[in-house]
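Colleague: I am new to this one. Could you show me how to read its features, step by step?

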Amino acid sequence: DGKILALFIEDNRERSSVNKRTLYSTVYSDGRWSIPQPVDNDDTLDDYPGISDLGDGRILVTWSSADRVLNDGATVEEAAKAMNIKARFFNKSTAQFDGEAMQVTKTTEEDYSADTMANAAYDADTGRLILYYTKTEYDGLEDVGDLTSDKKVFSANAYMFYENGRWSNADDYTDEELEGQTDKEKYKENWYGQRFLDVRINKNPKSTPKVTDTTSISFNGLALYAWTLDWDGDLDTMNDRDVFMQIYNFSQNSFTHIIRVTPESAAYTTPKFARSDNATYLFFGETKTASGSGTETELAEHGAIKYLDVGDLIANDKFTKITDGSTAYYIFQYDRETYVFDESSDKTSETPAERVETETVIAEAGIAAECDNPMEYDVKVSGDGQMYLFWTDAVDGARQIMTAMYNGSDENDDDESKGENVAGADLTDQYWSEPIQLTSAEKGEYYSGIGATVTGDKIVTLSAKGSYAEDGVSLANKVSLVNNVHTPFAKVKAESV
């Protein structure tokens, strides 16, 4: 009905400095935003907001929240260890939250990790919602810089179910899941229904790589979960990252196929899913730095936002298992048969002979947009299936919000070329529009932190807008949350009439 729910983190001046970060919500209706309200006014530190449209009239809002009001002298380690997942359902028909905030994870004697980056996927047939999140343990932190240390950070992927009106609890563990636990009751008390996702590439690892960002989507009885893996755990370097994904089958309650999406390690970041015209796309950013050292703090010289139709690849079993000792995963590689003219046949025959040749195809992600900061973008699909990509880019001394629209693929094309960027595939009917600049920031101004959606005939973006000092550093006291409303249009080119 044209309403938009938006979430953002803002400092609450009524709280102490260590607890002031607060999650707010606001609803856009009839051209106006409602007065922002805290999603959960519990006076605790909030971070990592997430929003998932479940497709049944509900939206699940998730965030990380400290388990208590922190003392003013709280250390970085204390704050990190206090973070747990909370959730709240939003009713689209009433444009209001249903019920109070739900405590999904909690701190226990053995579970003192930072629970962050929650992503939900829902299946209407089974009535099951799976909530993925990342658990990160921090020990010996002395300052904020230690958050990137590979020696002091350990992370794992976990999940909880929500079905029949409640979250998983300790009584839901099966005998098989509790097998090997010497004290089953203590395990149930400490983990209370949480389950860990076995996404190890190496079953005998000396260390566990760091998960930097995650995303999820559900369709046709499946949930897809994707994450970026930092192999050395050092977040100050980026060139050692890969994007992986895993498949979950709701009806079978099974996790299968850990798939390495990216062909080789590089500076990958920020995976996001989108579904349009029965195709499921995985987007991710690839950054190239000026010196090539891969330091995240360097200004990106060039980057790209890439995309791949993973739904087609999964549906048609277009993947191959790679095994090397204790390391095993899948890649999007498959064999394709083609018919070619057999030159050795009788050329006088009225019916030319054909022979079958098999070629190995490696699915490669296409480029949706080129920009200098592919870590910051958003992708949205309108009600009529039109897919839009949003990102920021430097234009004449300012940072503007850009967009492009995806044409998709012709329904008459064969399966080999529909929505898939592979060697030899016909992609002439697939393209992104030329980049369209949505904002008009003055020189020295910038937009960042994009949230975007398309409703009716309007594009609505919500983002931070600020100014740079002369040395190029952002002026924190000159940042505002602003929205822009646009009417989409297309550029038509005629080659002949």
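Predicted model: local features only at pLDDT ≥ 70, side-chain atom pairs only at ≥ 80, totals over all residues.

Colleague: Which parts of the chain does the pair link?

Modeller: D242 sits in strand β16, R260 in strand β17 (residues 254–260). They are 18 residues apart.

Colleague: Are D242 and R260 buried or exposed?

Modeller: Buried means under 20% relative accessible area. D242 has 0%, so D242 counts as buried. R260 has 15%, so R260 is buried too.

Colleague: How many salt bridges does a search of the whole structure find?

Modeller: It finds 23. One of them joins K86 and D40, with closest N and O atoms 2.7 Å apart. K86 is in strand β7 (residues 83–91), and D40 is in the loop between β4 (37–38) and β5 (46–53). K86 is buried at 12%, and D40 is buried at 14%.

Colleague: What about the sheet? In what order do its strands run?

Modeller: The order is β14-β15-β16-β17-β22-β21, an open sheet with mixed pairing. Its edge strands are β14 (210–219) and β21 (320–324). The twist averages 35 degrees from one strand to the next.

Colleague: How do β15 and β16 pair?

Modeller: They pair in the antiparallel sense, over 9 bridges. A226 stands opposite M245 in β16.

Colleague: And confidence? What does the pLDDT average?

Modeller: The average is 85, and 83% of the residues score at least 70. Over residues 296–300 the pLDDT is below 50. Over residues 410–428 the pLDDT stays under 50.

Technical notes:
Residues numbered from 1 in each chain as written. Heavy atoms only, no water. pLDDT = per-residue confidence, 0-100. Contact = heavy atoms within 4.5 Å. Pairing = 2+ DSSP bridges. Helix = DSSP H or I, 4+ residues; strand = E, 2+ residues; numbered from the N terminus. Axes fitted to C-alpha atoms, helices over the stretch in contact; angles between N-to-C directions. Salt bridge = Lys/Arg side-chain N within 4 Å of Asp/Glu carboxyl O. Buried < 20%, exposed > 50% of the residue type's maximum accessible area, 1.4 Å probe, protein only.
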